[in-house]
Amino acid sequence: MKPSHHPEPYPMGNGAGDAHPALHLRSPTPDDGVAVFELIARCPPLDPNSRYCNLLQCSHFAQTSIIAHAENAAKALGFVSGYRVPDRPDTLFVWQVAVDEAARGTGLGSRLLEALLTRPALADCRYLETTIGPDNRASWRLFERLAKQFGAVIETTTLFESQRHFSGLHPDEILLRIGPLERIAD
């Protein structure tokens, strides 16, 4: 199935009369590569990727990634990059979740993940995997909420060790395996 590039409007904020513009969630295109690069640069502690890597995420992995823009804005407010694990096609690996500071606290990260996981093209994904640093509490909370929403359990293991894989320059990367995912009815 070819990914849709038609934006889906979602109100941003809590709906209590706030002045946030509607967001459009859609599959990224190569034209989004620069905006994704700039967004990730604004979202420490995310590791930056090369511009070329972001272009590949927005083209080769568009079906397993999602971007959020405010109405009539070029700046990306959110982005989730992912891919199917090659030897386990029922597993979506979420590489990065980036939410601009202006959109934090609005539930955008959760909405991006839910919109991605409920795409028809990913209906056969039963598991989601991601890695998180041990001190990234916001990401831990995000994926704990996601597991609860999809009626799934979380299993954790250390995938990459600080000393062994990063020469002590990066914290451990803890693998979360979430599943099996119960499909959300429309």
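pLDDT is the predictor's confidence in each residue, from 0 to 100. The structure above is a predicted model, in which local features need pLDDT of at least 70 and side-chain atom pairs count only at pLDDT 80 or more, while totals for chains, interfaces and linings use all residues. Residues are numbered from 1 along each chain as its sequence is written, and side-chain values use heavy atoms, leaving out hydrogens and water.

**Exercise 1.** Find where pLDDT stays under 50.

*Solution.* Next, go to residues 1-19, where pLDDT stays under 50. The model has 40 contacts (heavy atoms within 4.5 Å) for this stretch beyond four places in sequence. Finally, a caution: where pLDDT is low, the predicted coordinates should not be read in detail.

**Exercise 2.** Work out which residues have the most contacts inside the largest nonpolar core.

*Solution.* Such a core is a set of buried (under 20% relative accessible area, 1.4 Å probe, protein chains only) Ala, Val, Leu, Ile, Met, Phe, Trp, Tyr and Cys residues joined through side-chain atoms within 4.5 Å. The largest one has 33 residues, and Leu-108 and Phe-143 have the most contacts inside it. Helix H3 provides its largest share, six residues. Now look at Phe-143: its contacts beyond four places in sequence include Val-94, Leu-113 and Ile-178.

Notes: Buried < 20%, exposed > 50% of the residue type's maximum accessible area, 1.4 Å probe, protein only. Helix = DSSP H or I, 4+ residues; strand = E, 2+ residues; numbered from the N terminus.
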